[in-house]
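Let me put the structure up, and then I'll walk you through a ring and a couple of helix contacts.

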Amino acid sequence: MSFKNFKLVKTHKDKPYKDNPIKDKPNQFIDLTDKDKPQLASLDYTESSNPSDQPCQQDRSYEIRDMLRTITKKANQNYVTAVSKAKTDPLLFRKDRALRQLRPTMSADRFTDTLKAISRMDHTQVLDWVIEAERHLERNKHGH
């Protein structure tokens, strides 16, 4: 919506605009599109003076919140990197995620040994290790 054809009006109860008495509203604008008879324009999007417009009115706050959430997520560099890594090499992404989650539960020596062992595995062995590590993490996540 362009505001170039509107002018902000400060309302005073003792000085109504022309012959129209002005009700006290926070934002009132004069519609300058009709130069002969300027009218007060309302910026209240929740009310409608025309009863036929009532079915069109709806709460779009969920939609707006969802759009903002998506924009925020896609603007996060860590998220974008993780998504591209998951798309290019899903096994590497899953392995790195499992190692990242396992690291706090291991000593430095044990973690180093685990990394060395994984580096010597072939592709299918790494896949089996990742599946088992994800199961282990899932069980421990829920306290079993």
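So, Arg103 sits over the face of Phe111, 5.1 Å from the ring centre; to count, NZ of Lys or CZ of Arg has to be within 6 Å of the ring centre and within 35 degrees of the ring normal. Keep in mind that this is a predicted model, where local features need pLDDT of at least 70, side-chain atom pairs count only at pLDDT 80 or more, and totals for chains, interfaces and linings use all residues. Residues are numbered from 1 along each chain as its sequence is written, and side-chain values use heavy atoms, with hydrogens and water left out.

Now the helices, which are DSSP runs of H or I, at least four residues, numbered from the N terminus. Take H3 (residues 90-102) and H5 (residues 123-141): their axes come within 10 Å and cross at roughly 45°. Axes here are lines fitted to C-alpha atoms over the stretch in contact, with angles from 0 to 180 degrees between N-to-C directions. That makes H3 oblique to H5, oblique being whatever is left after under 35 degrees (roughly parallel), over 145 (roughly antiparallel) and 65 to 115 (roughly perpendicular).

Who touches whom? In H2 (residues 77-88), Ala82, Lys85, Ala86, Lys87 and Thr88 meet Pro90, Leu92, Phe93 and Asp96 of H3, contact meaning heavy atoms within 4.5 Å. The axes of H2 and H3 come within 5 Å and cross at roughly 125°, which makes H2 oblique to H3.

Notes: Helices (H or I, at least four residues) and strands (E, at least two) are DSSP runs, numbered from the N terminus.
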